[in-house]
Amino acid sequence: MPKTAERRPVDEPAVHPVQAPSPVGGRGRRRLGDQARAYAFLLGGLICFALFSWYPAIRAVVIAFQKYTPGSSPEWAGTANFTRVWHDPEFTAAWRNTLTFTLLALLIGFAVPFVLALVLNELRHAKAFFRVVVYLPVMIPPVVSALLWKWFYDPGAGLANETLRYLHLPTSNWTNGTDTALISLVIVATWANMGGTVLIYLAALQSIPGELYEAAELDGANLLQRIRHVTVPQTRFVILMLMLLQIIATMQVFTEPFVITGGGPENATVTVLYLIYKYAFLYNDFGGACALSVMLLVLLGAFSAGYLRLTRAEGDA
């Protein structure tokens, strides 16, 4: 048999091992660059917070323990500012009015937005229009809103008393009466701020599964029973969250007493925040104003801690 040609192995190209890219390569540099740009954008916000929020807050705590008036160097006073403010007759009136305002705001301003949200949720036509109507007061500047209501409450030619006269009903002193001034301001604050609360409630209501209402209807539940056993339990977290936020907001009421009543009549509408304004800009007592601010800060900090604990517990659930 003929001998077959012996095959020689063909030289294969050498295969070099692929080296892993360096961790500090192009991708790493891009990541660092993105982080640097992100922190650069955050830097502006942090500087604004530091200059206009954090520094004034820290400075107020320091001044609360100093004797400080414009044009003079501050002197350490210890707790003298707190003692002086505590014995001020307006201090008791301011805290009583603030707590009463908060309670009335919870009774009126907490129930009305929830009822309005229930009504809007049941509408079948013109939903967008009524949502805009409800939210419209929020878009009006607070001072303009307060001035409108000041004219509305005018005991002479105000629209409120003119309407009562037209209906042959007794008129009211509204913001000029010591027994009606505070409740009148609560109505103003409720009207001006309920739009956002209504929309939050409406979003919570629309997230409730319709099957729950259908099951309740099959069990024979009427409207009030469906609200009690389905709506309220399903929106419990939103209700509690908005309640805490409303307490924090209403305890800082200032615009309505400042613009409409000026704290009167007979200090019936002086609030803690309005008293802080008086100490600082009418009495030139910045130490007393900061002492009051620290007291309010401690109380609101307790409510804020409760709000954070509530949201954290709901997030972990």
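**Close-up 1. Contact of helices α3 and α8.** Asn97, Thr100, Phe101, Leu104, Ala105, Ile108 and Gly109 of α3 are in contact with Leu182, Ile183, Leu185, Val186, Ala189 and Thr190 of α8, contact meaning heavy atoms within 4.5 Å. By class, these residues comprise 9 nonpolar, 4 polar and no charged; Ala, Val, Leu, Ile, Met, Phe, Trp, Tyr, Cys and Pro count as nonpolar, Asp, Glu, Lys and Arg as charged, and the others, Gly among them, as polar. The model is predicted, so local features need pLDDT of at least 70 and side-chain atom pairs count only at pLDDT 80 or more, while totals for chains, interfaces and linings use all residues. Residues are numbered from 1 along each chain as its sequence is written, and side-chain values use heavy atoms, with hydrogens and water left out. Helices (H or I, at least four residues) are DSSP runs numbered from the N terminus.

**Close-up 2. Geometry of the crossing of α3 and α8.** The axes of α3 (residues 89-109) and α8 (residues 181-206) come within 9 Å and cross at roughly 50°. Axes are lines fitted to C-alpha atoms, for helices over the stretch in contact, and angles run from 0 to 180 degrees between N-to-C directions. This angle makes α3 oblique to α8; angles under 35 degrees count as roughly parallel, over 145 as roughly antiparallel, 65 to 115 as roughly perpendicular and the rest as oblique. The crossing is right-handed, a term used if the near helix is turned clockwise from the far one by less than a right angle.

**Close-up 3. Packing of α3 with α4.** Helix α4 covers residues 111-122, and its axis lies 4 Å from that of α3 at an angle of about 15°. The two helices are therefore roughly parallel to each other. Leu106, Leu107, Ile108 and Gly109 of α3 make the contact with Ala111, Val112 and Pro113 of α4. The residues involved are 6 nonpolar, 1 polar and no charged.

**Close-up 4. Packing of α3 with α13.** The axes of α3 and α13 cross at roughly 145° and come within 8 Å. On the α3 side the contact involves Glu90, Phe91, Ala94, Trp95 and Thr98, and on the α13 side Val272, Leu275 and Lys278. This contact has 5 nonpolar, 1 polar and 2 charged residues.

**Close-up 5. The largest pocket.** The volume of the largest pocket is about 560 Å³. On a 1 Å grid over the protein atoms alone, a pocket is an open set of points where a 1.4 Å probe fits, with protein on both sides within 12 Å along at least five of seven lines, and lining residues have an atom within 4 Å of a point. Grid points are joined across faces, edges and corners, and a volume is the space filled by probe spheres set on the points. The lining has 28 residues, of which Ala189, Ala192, Asn193, Ala249 and Thr250 are the closest to the centre of the pocket. Two or more lining residues come from each of α3, α5 (127-139), α6 (142-152), α8, α11 (236-250) and α12 (255-261). Helix α8 gives the most, with 8 residues. The lining divides into 18 nonpolar, 9 polar and 1 charged.

**Close-up 6. The second largest pocket.** The second largest pocket holds about 330 Å³ of space. Among its 13 lining residues, Gln252, Leu273, Ser293, Leu296 and Leu297 lie nearest its centre. Helices α1 (26-63), α13 (272-282) and α14 (286-316) each supply at least two lining residues, and α14 has the largest share, 6 residues. The lining comprises 10 nonpolar, 3 polar and no charged residues.

**Close-up 7. Backbone features in two loops.** Most residues other than glycine have a negative phi, and most peptide bonds are trans. The peptide bond from glycine 264 to proline 265 is cis, with omega near -10°. Tryptophan 174, in the loop between α7 (159-166) and α8, has a positive phi near 50°.
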